[in-house]
Amino acid sequence: MLFSGTLLVLVVVFLFLQIRTDFDRKLHAYSFDQSGMYELEFLNVPQDVQAQILEGKSGYTHSRIYVLGKLGMGQQSYTYGWLEDPDGLAHLPLEHGGRLPETENEVIVPRAVLNQWNWAGKVGSSITLDGRTYQVVGILQEQFEFYRRTELGPNSTTAPVPLLYIGKPDAPLEPAYQIDLYGSVGLSQAECDAVTELNYTLYPEDSRMFGGRLADGADDLLNKYEFRYDVNWLLMMAGIASVIAVLSIFSNLRGIFLERQGRIHLLHRIGCSRWRIGCMYALEWGIVTLLQTIVGALLGTLAYLGVFRFQVQVLELSDYSAFDAHPLTLERTYNPWLLGCLFSVGVMLAAYLITGLSTRYRPCSRVTRKRPGSLFANFSSIFRQRGITVIQFLALTLICTGTLLGYTYYTSNGKTGEYLNNTKVYVEPTYIVGQQEEKMLDMEQDGIAEYYETNSPNFVRIEGMNTEGQDTFILADPTFDRGLDDAAVEQFSGVTAVGCLEQTFLICDEPVSGYTGKIRFTADEEKQAIVEDSLPQYQNFFEPGQLGTKELYRVQIRLTNGDTLERLRPYLTAGEINPEQLNAGKQVLLVLNAPEETFQVGETLHVGAALCNTWAGIADLRQLDFTIGGIVVLPEDGDDLLRYAARSNSRYNFLTTAQGAAAVGLQNAAYTQLICPESIDGGKLPPGSLMTLISYKQLRQDYFIEKAMEYGGMVLIVVLMSLLGFSAYFSGIGMKIRMRAYEISVLRAIGTPVSRIRRRLMLDSMKLSVLACAAAGGIILWMQRIMEQAYEKMMGLEESMIHYEEIEPQVEQLMQRYFLANRCWSVPVAKPILLLLLVMCTLTLLLTWLGIRRFRGSIADSINNGRERQ
């Protein structure tokens, strides 16, 4: 009896401790690690203004960042400073094993900066910066420089947040500027807006004020990552497990209550009142409930500590624990121990009440002796013990239902990518990299071990205003200085390097019917913007005889390395692939989606390329000639990696090497992607390339951890339900055998073989398994049908809508009313039901066989007991 309740409390406490930990980790990763744990940030704001904003506030905490200047290696230097942060408001996100610096000889550095310096050390190693040696005691995670206002991030200012941090200097140093941080202020949203408005209206660029609420990050987390839905799902599954636990406890209590009836009647006869007998049962219930709650909570906490230690030490997850979670986490997650206590009290109370009502014992009633009936009548009445059969059927049905619910909730089988608002949100577990022009690669399917990339060159698109179907005029960024050249790529064999030049176009004196991507300048405002923003030598772009008046056709030049060019030879339909001519910039390859005769091998093409000056102006305009050396046709069903590297989404494009493009003076001629079928030594890549690594092995590990965390709760719930359900089922088997012991012994005495009796018992049990699986399958199909009808209604609303806001209330109502955990899914369950039936039948036969073996002695002894009763 204690087993069922204790097991339920154990799993509930463990699961919700883990949920609290997951929420706290996500809160730090997606809120605090990105934005810090402060509510107010002041840069070069006078103290009297700060005091005015904080007027009326109390109990807040204050920290400072002192920015000392620049620190670096070689030509690459970055802002550095030190923290006076006793309350951890800056919240610098460190990689596993790191800590904050304590002395001026210790430093923490962002991972992105270390990659640029090509530093291959680890935490505890030494690093020399501007001639001084420091010990690296921590490495900041990669998102730090992006989300904070650092000089490497998109929100950089003239006075950025430091990238490097040392300990407090021994000798006082005059800071270049300081940043004041305040936490626990308790700002309202209106106050945050007022601070932001004041920042825009009163202070110059070298000062700033920022206000934000930490609670907003926690609320966004609940909605963005659907923690609320996952918690509700686990609560629902825990509720099913609780019903099974009630049945399991009831199956044990019922026999105990029946055995006690004689003793309770004797107590009543000697003067014990009904009240006192009820108090005895209540005291027993209280002791059992308290015992199973304490033991279950203790075991659940110990199990959580073991799993948490494994996550931190082996999987290297962050060490945020449920025991020291942030107050926002405590407010937005259930108390695991209180929840376990409620489940324990509710399950045990329900089991005692149902058992008491089912036995229908009245302490004041007399015990009457029933007249013995015939053997056939007794045999028939006992074999019709519907109460025990109902318990067994309900237990098996709930086990099957819970297992099928778990399968349909988490499986990808049969799910599609249809979306409407937050409905049916499901993505196949793929490892996508290299998204470019709506093309992408799957590291698993395309055999990619490592993928290096840097940001592609920025460019400005000048859209046509008065024409339809024309292409855009593109101006590339003249300051681009990242990426790899051919010398860097040639260090590795078998790799695929990819680059792209968007700013190129074909120049023709007359229209050419076979060319696509025609660029037209028909709007006066468009021409005026280009002329005004261009350098003086290019302000005549639209005068007669200049490029702006000729026929221009946008064409993309893609870049790839020599090894990839060699793999294109089977797709060569005309000409040849001459690496020397390509690297010299004398030839290019023409890549087609399908064979056509628009271009010919040996044809010389006049090509232009433009760089931007400001928003729409021309800073550089180059004209050059290319000769088509070969024609390559890459069909849709060809090699995915080759199509990605060599072909654009247009009908045709040119292909050459980065060396060939640079040889003729094309700007931005560099590879921005490096695709490796095997792991390479990334330390050989030039530091200035700013390449970042995506490892398939690491993605697999991260995906495994994510799914293990996601499925862990479901697996525990299913195991719990199985243990509880089969406990109730096994108890029912034993009870049936004990109640039939006399009749079975009589059948044996008259010569009925044991195998026949055993077969009869097993067939009865098998019927229950079949009926339970059928009932569970029917429940799942019925639920899915309801969700499908609601989803069809939602899609009908979407087709008839003009604006989503018009149907949003109806959609939300349908989702909340008919969708399970606010999701719509429809999964084929025929095969899972058959597999589940096979497993259930096997376990049923095993449990029945064990039950017969366990109670064989009582069956053999029951003949003598029957003779005495006669």
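A salt bridge here is a side-chain nitrogen of Lys or Arg within 4 Å of a carboxyl oxygen of Asp or Glu. This is a predicted model, so local features need pLDDT of at least 70 and side-chain atom pairs count only at pLDDT 80 or more, while totals for chains, interfaces and linings use all residues. Residues are numbered from 1 along each chain as its sequence is written, and side-chain values use heavy atoms, with hydrogens and water left out.

Q: How many salt bridges does the structure hold?
A: One of them joins the side chains of glutamate 95 and arginine 111 at 2.9 Å, N to O. Salt bridges that share partners also join Arg99, Glu102 and Glu106 into one network. The total for the structure is 14.

Q: How far apart in sequence are the parts tied together by glutamate 444 and arginine 700?
A: Their side chains meet in a salt bridge at 3.4 Å, N to O. Glutamate 444 lies in the loop between strand S11 (439–442) and strand S12 (450–453), and arginine 700 sits in helix H19 (residues 696–739). Helices (H or I, at least four residues) and strands (E, at least two) are DSSP runs, numbered from the N terminus. So the pair ties together parts that are separated in sequence by 256 residues.

Q: Is aspartate 620 buried or exposed?
A: Aspartate 620 meets arginine 622 in a side-chain salt bridge at 2.6 Å, N to O. Buried means under 20% relative accessible area, exposed over 50%, and partly exposed in between (1.4 Å probe, protein chains only). Arginine 622, at 30%, is partly exposed. Because its relative accessibility is 16%, aspartate 620 counts as buried.

Q: Which side chain makes a polar contact with the side chain of threonine 496?
A: Threonine 496 is in strand S15 (residues 496–501) and is buried, with a relative accessible area of 1%. A polar contact is a pair of N or O atoms within 3.5 Å; within protein, one must be able to donate a hydrogen and the other to accept it, and residues adjacent in sequence count only if both atoms are side-chain atoms. At 2.6 Å, the partner is arginine 567.

Q: In what sense do S19 and strand S24 pair?
A: Two strands pair if DSSP finds at least two bridges between them. S15 and S19 pair in the antiparallel sense over four bridges, with leucine 559 in S19 as the bridge partner of glycine 499. On the S24 side (residues 652–656), there are three bridges, and isoleucine 557 stands opposite phenylalanine 654. The sense of the S19 and S24 pairing is parallel.

Q: Which residues of strand S19 are buried?
A: Strand S19 covers residues 557–560, and both of its faces are covered. On one side are Ile557 and Leu559, and on the other are Arg558 and Thr560.
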